[in-house]
Amino acid sequence: GGTSAATPHLGGAMCLLRQFQPEAEPRHIAAALELTATDLGVAGKDNDFGAGKVQVYDGARRLQVLGRFDDNDPVIGTTLPLDVFGPERAVVFWFLSGIQEDIPGVDRNLGGAFLDLPPIFLGPTGSAQLQFLLPNNPSITDIPVYIQFGAENTNMSFDTFDPLLSVPERLTLRQ
């Protein structure tokens, strides 16, 4: 029990997720594991159980579609490179939303999208590279926004046809 048993299990889970989605960065893998963990003990992340019991399969679902920005604190009015990964020839939807962090028990799926963005069409490689022009509006600086990506679940290896949702990607625009 304890960290002596948990550490190798968590390390193995991280390796499986990295193999499943090689484009995922450590922050994506950590978010996928935390978002999908089965909460144990008191609600939310705690010192006894951390985020909870690891659910590798659910974490892999969160990494099936992945959006990755090179800079999570970009300057307003600039162009930000965006890499998107997912199933071959998928149509990826994405949206901006706000989220309240650090509240125990809050589901970190984004809700209440305040800006739907145009769909992204992935090619035969299951990836796309875009340039995202950030608005040049000083009133939106220093406010964290979250971007979530998703696609229709057409992969029969998953036992549900719920949409595939990525881990949220945080952006804070600066001046």
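**Note on the predicted model**

1. Leaving aside neighbours within four places in sequence, Thr36 is in contact (heavy atoms within 4.5 Å) with Gln55, Asp58, Gly59 and Arg62. Thr36 sits in helix H2, residues 26-36. Helices (H or I, at least four residues) and strands (E, at least two) are DSSP runs, numbered from the N terminus. Thr36 counts as buried because its relative accessible area is 12%; buried means under 20%, exposed over 50%, and partly exposed in between, with a 1.4 Å probe and protein chains only. A polar atom of the Thr36 side chain lies 2.7 Å from the backbone oxygen of Ala32.

2. This is a predicted model, in which local features need pLDDT of at least 70, side-chain atom pairs count only at pLDDT 80 or more, and totals for chains, interfaces and linings use all residues. Residues are numbered from 1 along each chain as its sequence is written, and side-chain values use heavy atoms, with hydrogens and water left out.

3. The chain has 3 helices and 8 strands, in the pattern α-α-α-β-β-β-β-β-β-β-β along the sequence. Of its 175 residues, 39% count as buried. Among contacts between residues at least 6 apart in sequence, 67% join residues at least 24 apart.

4. S1 and S2 (residues 79-85) are joined in the antiparallel sense over 4 bridges. Leu66 has Phe85 in S2 as its bridge partner. In general, strands of a sheet pair through backbone hydrogen bonds, either parallel or antiparallel.

5. The largest nonpolar core has 23 residues, of which Phe69, Trp94, Ile120 and Phe149 touch the most other members. Such a core is a set of buried Ala, Val, Leu, Ile, Met, Phe, Trp, Tyr and Cys residues joined through side-chain atoms within 4.5 Å. Elements giving two or more residues to this core are S2, S3 (91-97), S4 (115-121), S5 and S6 (144-151). S6 gives the most, with 4 residues.

6. What does Phe149 touch, leaving aside its neighbours within four places in sequence? Its contacts include Val65, Phe69, Leu82, Trp94, Ile120 and Leu164. A second, separate core has 13 residues, among them Ala13, Leu17, Ala31 and Leu66.

Terms used. Two strands pair if DSSP finds at least two bridges between them. A polar contact is a pair of N or O atoms within 3.5 Å; within protein, one must be able to donate a hydrogen and the other to accept it, and residues adjacent in sequence count only if both atoms are side-chain atoms.
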